[in-house]
Structure formats: structure tokens, C-alpha cells
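Have your viewer open and follow along.

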Amino acid sequence: MRKLFQADLQNLGEQLIEISSLVSTAMDRAYVSFESADVQLAEEVIAADTQIDRLQVELDEKAIDLLALQGPVASDLRVIVGALRMSTSLERMGDLARHIAQLVRLRYPDQVAPAQLHSTYEQMAKHSFAVADHVTKLLETREMDLVEKIMSLNEQINELHAGIFTVIATDEWDASAATTADCVLTSRFFERFGDHGVAVAKKVEYLVTGEWDSRYSE
């Protein structure tokens, strides 16, 4: 019975890795659609999000069954509850990629943002890709140095996010109210994507070390 329970716990970890990999692909494709105003690709990103949602529901249902039927001890309880919380963060990361694709669909055939912000979004996307890839690798390997890398990337995304507001606040900014709103939303989606990546990373760190970093709070 214990071996079956441990296999179930391992399966939860494998499901988290699968979801994380899909999230990474979603953000990658969402940004390509954003950069090129590719509405067909945007539609594919939007449709693919249902798979992430389905996998999260399946993981959560399995985790709840384990809580209800197995009476896990403290260390196993941390793993199960951690999986539940990480699946929520990963699902939200998928939603944020979908939100970017939805903006592409909304503004097609025009691009979402003016050319002067494209380099900033390119950097935000690059850091977001790295966050997603590091999260997947962290779930696979439990390499703790990845936690600091994810947190550092998130700080860089936050700085770029603040820079968007600086540009919008200048006298030279002459975009419409709708475009301004789209620009702010896009930046916010990248910023929150990084935040959720940090949330997953800190939970993995807690599972491995048993310690919660006081620098981080949700």
C-alpha cells in the first residue's frame, strides 16, 4: 500500500512537470503571435489552454483523493498541499499566456502595441521564457540554484514593467486610450507570469529544505 502511495506522489510531480512544459510552450507561442500579429497562432494558444486547465483539474482531484483516503504524514502532506498550490500557479501562468493571445485576436490585423515598446516586450518575453524553462527544470531536478535565477529574472521583469509606465507617462506618448490600456495589460501579464513562476519556485524550495524564505510572501 505504501509503495502505491509513493507512486501516486511521484505521479503528482510528473503531472506538474507536464503542465509546466505546456505553460512554457504557451508563453513562447503567445509572444510570437503578439510580435507578428499572427491571429491563427493566437487562436491556437487560446484553444490549447483548455488542456492546461484539464490537467490541473485532474491533478487537483487526485491530490484531494490522496488527502481524503491516505491520511498522509507531515512530510507527504507538504508534498500534496504543495502540488495543489503549484498547480494553481501554473494554471494561472497558462491563463496569462492566453490573455496575451486574446489581445492579439482582439486587435487583429493591427499589432497590440506601438513599435516603440516592442524592444521592451521582447526583453520581458525573453525573461518570461527563461522563468518558465527554469520552473520546469526545477520541478524535474530540484536544483536549488534555479530558485535564485527565477527570482532574479522576475526582478528584471518587474523593472521592465515599471519602465512601460515611464514611457506612457511622457509627453511624447500619443497612443489612443485603447492602445494605452492594451500596453499596460500586456506588461501586467508578463509581470504576473514571473510572479507565479517565483511562487512555484519557492514552494519547491520549501518542499526540499523545509524552510520558508522570509523575503517572499504571496
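Contact here means heavy atoms within 4.5 Å. By that criterion, and leaving aside residues up to four places away in sequence, Leu22 touches Gln51, Ile52 and Leu55. A word on the origin of all this: the model is predicted, so local features need pLDDT of at least 70 and side-chain atom pairs count only at pLDDT 80 or more, while totals for chains, interfaces and linings use all residues. Residues are numbered from 1 along each chain as its sequence is written, and side-chain values use heavy atoms, with hydrogens and water left out.

Leu22 sits in helix 1, residues 2-36; helices are DSSP runs of H or I with at least four residues, numbered from the N terminus. Its relative accessibility is 24%, so Leu22 counts as partly exposed (between buried, under 20%, and exposed, over 50%, with a 1.4 Å probe and protein chains only). Ala132 is 110 residues from Leu22 in sequence, yet their C-alpha atoms are 9.5 Å apart.

Now turn to helix 4 (residues 118-141) and helix 5 (residues 145-168), which pack at about 160 degrees with axes 9 Å apart. Axes are lines fitted to C-alpha atoms over the stretch in contact, and angles run from 0 to 180 degrees between N-to-C directions. Helix 4 and helix 5 are therefore roughly antiparallel, a label for angles over 145 degrees.

Finally, helix 6 (residues 177-209) has 33 residues and reaches 48 Å from first C-alpha to last, close to the 48 Å expected at 1.5 Å a residue, where the expected span is 1.5 Å times one less than the number of residues. Gly210 follows helix 6, with a positive phi near 75 degrees.

Conventions:
Helices (H or I, at least four residues) and strands (E, at least two) are DSSP runs, numbered from the N terminus. Angles under 35 degrees count as roughly parallel, over 145 as roughly antiparallel, 65 to 115 as roughly perpendicular and the rest as oblique.
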